[in-house]
Amino acid sequence: MTSSTARSGTSASTAGISTGHAISPDSGRHWSDPGAWPVADGIHRIPLPLPMDGLKAINVYVVATDDGLTLIDGGWAIPEARELLDTSLRSIGSGFGDIRRFLVTHVHRDHYTMARQLGTEHGIPVALGADERPALDTLLNAGELTENPFSRVLVSAGALELAEQWDQVGGDLPDPALWAHPDQWLDGDQEIRVGTRTLDAVHTPGHTPGHFVFADRAAELLFAGDHVLPTITPSIGFTFPPVPQPLGDFMASLTKVRALPDLRILPAHGPVAPSSHARVDELLAFHESRLTQSLAGLAAGPVTAYDVAGTLGWTRHERAFDTLDVTNQGMASMETKAHLELLVARGQATREETPAGVLFAAVGRG
């Protein structure tokens, strides 16, 4: 699990499994090293910095056409990232004025806010998944919130003390200019023309409800956002408003992407990777293993997701739950709850709403 903040709109990931290393084949250097790295004919990868200690950078992809540039994701609207994006575009003979469109994979601020900022300043259309609207509406009305939007999820996970601590985390209200609605809502799977390319925009809910990936079948490329990451597993259950089955949605979306041709992965975080099929298989196997571990954690049931999270190892180093900081303990509790809710949906566990959180028990127990 990587460190993150509990504030609205943060993207975060849990490092459940790791394959390969951090050297990207397009650059021969660490994937987060600055530059405009050519990944395919007419496509460059530009890593932009993130102000967090877990994820080093986000990859923004620049697709050149005869009419200008389409950018897939935009980065986090911080001065350092904006300056580096400008410098990197200039290194390939372009600039902000050449951008014709942003296709944003999902609403988290390291993907959306720079796109929205530059879109507003330069009149560049921004496209985003339609199911991200509830999260954006929450952010745009943040002044009306009386608690951290994740507090209720933490309470339902049985993490009452963590909910109180998350509520005490301060922070400025979201800047409406950075969270304004997109110019285009992507609603359902569709084809998008980008110059001479045809991208399949594929709705892949799970990490967030409105997540999209973009597949260029002809070039055998998958702009994967946070859906298929090569070295870490995307966070599940860390979204608002909460949805009933985030893990079920995620695994169904993985199966959907597995049905596409085997594509080279162009991820939002991490190096370019060779096989979407291989990585999807690994991610599905990881979560099946995690479901088995979570079911075993119900042996003493009825228990809360917080209780079960305390029995599991976290990060690729299998760190004990009590060694995590408050933020990551909360994220671990929410992710564990997502696994337990899927066990309920599969008929392997039961759930009971109580003031102390949802109590889960294995079928035949409790």
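In this report, contact means heavy atoms within 4.5 Å of each other. Helices (H or I, at least four residues) and strands (E, at least two) are DSSP runs, numbered from the N terminus. The model you have above is predicted, so local features need pLDDT of at least 70 and side-chain atom pairs count only at pLDDT 80 or more, while totals for chains, interfaces and linings use all residues. Residues are numbered from 1 along each chain as its sequence is written, and side-chain values use heavy atoms, with hydrogens and water left out.

**Two open sheets**

Let's start with the strands, where pairing requires that DSSP finds at least two bridges between two of them. Seven strands form an open sheet with mixed pairing, in the order S2-S3-S4-S5-S6-S7-S8. Strand S2 (37-40) and strand S8 (184-186) are at its edges with a single partner strand each, so one side of each has no neighbour in the sheet. From one strand to the next, the twist averages 25°; axes are lines fitted to C-alpha atoms, for helices over the stretch in contact, and angles run from 0 to 180 degrees between N-to-C directions. Inside this sheet, S4 and strand S5 (residues 68-72) run antiparallel and are joined by five bridges. Val62 has Leu71 in S5 as its bridge partner. Helix H2 (residues 109-122) packs on the sheet, where it touches strand S3 (43-49), S4, strand S6 (99-103) and strand S7 (126-129), and its direction makes about 150° with that of S7.

The other open sheet has five strands in the order S9-S10-S11-S12-S14, again with mixed pairing. Its edge strands are S9 (190-194) and S14 (264-267), each pairing on one side only. Here, too, the twist averages 25° from one strand to the next. S9 runs antiparallel to strand S10 (residues 197-203), with five bridges joining them, and Val194 has Arg197 in S10 as its bridge partner.

Buried means under 20% relative accessible area, exposed over 50%, and partly exposed in between (1.4 Å probe, protein chains only). Among the buried residues of H6 are Leu247, Phe250, Met251, Leu254 and Val257. The buried residues of H6 pack against S10, strand S11 (212-216), strand S12 (221-225), strand S13 (233-234), helix H7 (276-296) and helix H9 (326-345).

**Aromatic pairs**

Rings of Phe, Tyr and Trp (its six-membered ring) pair if their centres lie within 6.5 Å; planes under 30 degrees apart count as stacked, over 60 as edge-to-face and the rest as tilted. By this rule there are seven aromatic pairs, and two of them are tabulated here.

| Pair | Centre to centre | Angle between planes | Type |
|---|---|---|---|
| Tyr61 and Phe223 | 5.6 Å | 70° | edge-to-face |
| Phe150 and Trp166 | 5.9 Å | 80° | edge-to-face |

Tyr61 in strand S4 (residues 57-65) and Phe223 in strand S12 are 162 residues apart, so this pair links distant parts of the chain. Both Tyr61 and Phe223 are buried.Phe150, in the loop between helix H3 (133-140) and helix H4 (151-156), and Trp166, in helix H5 (residues 160-167), tie together parts 16 residues apart in sequence. Phe150 is buried at 2% relative accessibility, and Trp166 is buried at 1%. Ring pairs also link Phe150, Trp166, Phe238 and Phe240 into a cluster.
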